[in-house]
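Q: I am new to this structure and would like to learn how to read its features one at a time. Could we begin with the words that such a reading needs?

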Amino acid sequence: MPSVYVALARLAGFFRPHRHDVEFHLELREHIAMAIDDKMRGGLPPEEARRTVLVELGGVTQLREEARAARGLPWLDGLLLDLKLAIRQLRRNTGFTIAAVVTLALGIGANAAMFSVVRGVLLRPLPNDDEAHLLYLRQSASGLGVENAWFSVPEINDLRGRLTKITRLAEFSTTQPTLFGLGEAREVRSGVVDGGFFEVMGLRASLGRLIGPADDGPGVPGVVVLTHRFWNGALGSDPTVIGKAVRLGGQSATVIGVLEPAAPYPEETEIIANMVTSPHHLSATMVTEREHRMTEVFGRMAPNTDLAAVRAELQTAYGGIQRSYPEIYTPHARFQLNVVPLREQLNSRATTILTVLLVAAGLIFVVACANVINLVLARTARRESELAVRAALLPSTMAVRRTLLVESLLLCSVGATAGVVIAQPMVSLLARFTARYSVRAVDFQLDATPLWIGVALALVAAVLLAFAPSLPKPGRAVQRSTGTSARRLQVFAIAQIAASFMLLSGAAAVVRTLLALEQTSPGFQTANVLAVNLPPGGLGRTAAQTLTFYRNVRARLGELPDVAHVVIGSNVPWRDIGGGPTRLNPRPGGMQFTAEGAAAAPSGEKPQARGRAVSSGFFSALGIRILAGREFNDNDTAGAERVVIVSASVAAALFPGQDAVNRQFRWSDPVARLVNFSEEPRRIIGVVADIDDEQVDPQTNMTVYHPFEQEVAGGRLFVVTRGTKPYALVSQVERIVKGLAPTQPVEQASTLEDIRAQVLSPARVNTIVLGVFASVALLISVIGIGAVLAFSVSGRTREFGVRLAIGSPPKQLLLIVLKQGAVIVAAGIVAGVALGWALTRVAGAYIPGMQSPGAAALTGATALLVTTGLGAALGPAIRAARTNPVRALKYE
Amino acid sequence: METRSPILQGTLDLMVLKTLEQLGPLHGYGIARRLEQVGQDAMVVNQGTIYLCLVRLMQKKFISAKWGTSDNNRKARFYSITRAGRAQLKLEAESWVRISGVIGRVLQPE
């Protein structure tokens, strides 16, 4: 209890020092008076009495100090005094303070922002129940170049029968039906799932109910669950949608619920429906054919087991399955089965880029701290006499340190505050950027992470700053230690250059990638081509009616004055990727094909090609070169001879060095039969240049084109305009199409140029983010070099004066300083190359795709640093050359 | 040779409390004089430290203070022992007797 009283009393004393002080003073005064009276009564003369009393009492001033210390909180008093001093110091050196605060704010802000994005996107647990046990299975066939081969129903059933450490497997596949009944008809992505899917995923309904085991099988009614994003966005969170009857293509279904917000994987879909809504899923081929793969598989790990055990069991099971069907799992195809926690799979793409950015932010922090340390060092060197006096007066060096610590804490907390403020907009920017790599960033929310990161980093920086300068030894009074300071300054300048070099070379590498991407020609026209989705299905039209509809659309739009060409295709480049298997592309990697008289591949490998459907005039309208034969014309109709056009690489694979035109082409893939592709021969009537409509970085790829009228798919309209404002046509297109078919969805009008730009935007944002980081680092470290050299020049004024006086030409002094700058830059670059090499080595072991930036980027970064570094050295060098010898010798 | 000893650490509080218990309310000077009398020439009392001691005891609420008038008609701050102070005094006095007994036995020649 007494200790509590003491604490309270001290606290009161701290806040009201004055009153107690006055009382104490009065009390002592009365004591002295009474004592003097007594002594005088004892016969001492007044002066003598006074002297004796004061001696007996001890020093009055010291006593009052001690009483004050006992009453209040002396350390806090000291701290406040230090704080007052620090504020005064920082206000007096405005330039220093602003430079330090801005540098720290940038360093702390960048890190606070990056850390909170990493935390929110990579580290935050999934909303799914018991997400640590949620697994994602993937079958790949690297021999066929297929990273994700999906699973067939027989494969899933085999796995179900053999696994004990995964309690349950869930199925998910994507289809793209047209959805009727919720506002305007629209083409949607639909996840088709089995009844156990949501239980395995550990997800709940926000509204209504989810799909359960009762919704499995062929005889049940179709049911649809809306994803939260679709319900919230397109449907405006309308609660009355539950129970609505809808139609998915030709299948009717009922909306039964809304899924809670969850990270969509493997694909973002608008709706999730049961198997019965996709007739294909219940067809005999789907259920019995082992090679008819179209399903993604998730699983839940049994309790009391671990991933290693699950993997081991899975490999055994898969090995057994493979041995049972050697004709399917050929050694050449190199089929593999892998399992990872779902969270890891979700993060896989974002991990690399976020790690790179996190390292970049870390480097910025290093550069910022090194720079502020340099500023502090230079200032300390100038304050040496002040510090020496303080060291002499204060009880210990620790007290001087404390003064410095308080100063740097103040500096860093101001910097951190500014940093946290600028981190907020940076976080939202970065989150939007990361959304391109990870679906988890979509529902990213700002939290207090930047704040505590800011606080932590400020503390780190403050301690670094306070302990960087060497203190004058109290015993040795005022003494120049400029030599040590100068050496330390150089070390930190080199550290800055090294870090900047790494950032710059990283930035240069992404700039190069972006430039390369932007300069690659896709091989077809993208400007002034408007792509509009007119999905064909679900309108209850006969095949002939559908064809008439598209013919009419083309004819009517062709009459518009601004329209040069109207053609139809099955795929919009770069946009129609993913979306699950389709009839033209029933499996990843394409279908196998053969041709009469074709050369067999030396490895026995069966070539595979993507299937596409395009209308007459498609290639000439988009400017795709026709290398041989002709393109499709209006005579290539449904009933006419079956014909195809192949891309150059298909022709080269089948008929190397020969003419492919008029040869017979055949789809030979076992899957072709399953999707009703007849194996009948089709005559090759033309060869066109290879184009890649899936990746902006074009890869050679084999494509086989069918006439649209013989293989209706996609219904993508391409309007090539004469004017420069393609979007002005959108309303006319809509009106004309709706005039022909009122319920026809008309969607996603966009020019190919804009689609390409959107696909390129991650690369562009990469460049911007890393470029900004690198520029900031460059700016800070260039200022750093300048400051170091300026400091060194001002310290060597006398030396320069002497040199000039004994006849050195000023040019020589200029060279001395420039050389000093060059040495710092060179040392920094060497250190940067070494550290960068080590970093890519270490990081490369953990992050796939981590690579050295390449010679060009390294050279570019070096050139930039050398130029700007020497530029920064020029100022101090000129000042050195202009030293006035007379004044320099008088100086000090 | 100087034979006056400095006050043992912590014993000043004990002595001040005992003085106040025995003599009732006293001002700082009175306490100092009393300790001087009791200590005679065997002990050095720095009178200033008595005031620091009083500040400490006040903080612990072992004593209370009131302004009043001294015998020779001067304004003075009178200290008196509180209930908590008496309890503390009893505790410390017992412990002192125990310890000094032990020290005495240790120092006694066999």
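A: Contact means that heavy atoms lie within 4.5 Å. The model is a predicted one, in which local features need pLDDT of at least 70 and side-chain atom pairs count only at pLDDT 80 or more, while totals for chains, interfaces and linings use all residues. Residues are numbered from 1 along each chain as its sequence is written, chains are lettered from A and ligands numbered from 1 in the order in which they are written, and side-chain values use heavy atoms, with hydrogens and water left out.

Q: With which residues is Thr295(A) in contact, leaving aside its neighbours within four places in sequence?

A: They are Trp150(A), Phe151(A), Ile156(A), Glu171(A), Phe172(A), Ser173(A) and Met286(A). Thr295(A) itself sits in the loop between helix 10 (284–288) and strand 11 (296–301) of chain A, where helices (H or I, at least four residues) and strands (E, at least two) are DSSP runs numbered from the N terminus.

Q: Is Thr295(A) buried or exposed?

A: Buried means under 20% relative accessible area, exposed over 50%, and partly exposed in between (1.4 Å probe, protein chains only). Thr295(A) has a relative accessible area of 2%, and is therefore buried.

Q: How is the size of an interface given?

A: It is often given as the accessible area lost when the parts come together. Here buried area is the accessible area (1.4 Å probe) that two parts lose on being put together, summed over both. Chain A and chain B bury about 2,200 Å² between them, with 60% of it on carbon and sulfur atoms. Of the area that chain A buries against chain B, Glu27(A), His31(A) and Met34(A) supply 28%, more than any other three residues. In terms of contact, 26 residues of chain A meet 25 residues of chain B.

Q: How many salt bridges are counted between chain A and chain B?

A: A salt bridge is a side-chain nitrogen of Lys or Arg within 4 Å of a carboxyl oxygen of Asp or Glu. The count between the two chains is five, and the side chains of Asp38(A) and Arg33(B) meet in a salt bridge at 2.6 Å, N to O.
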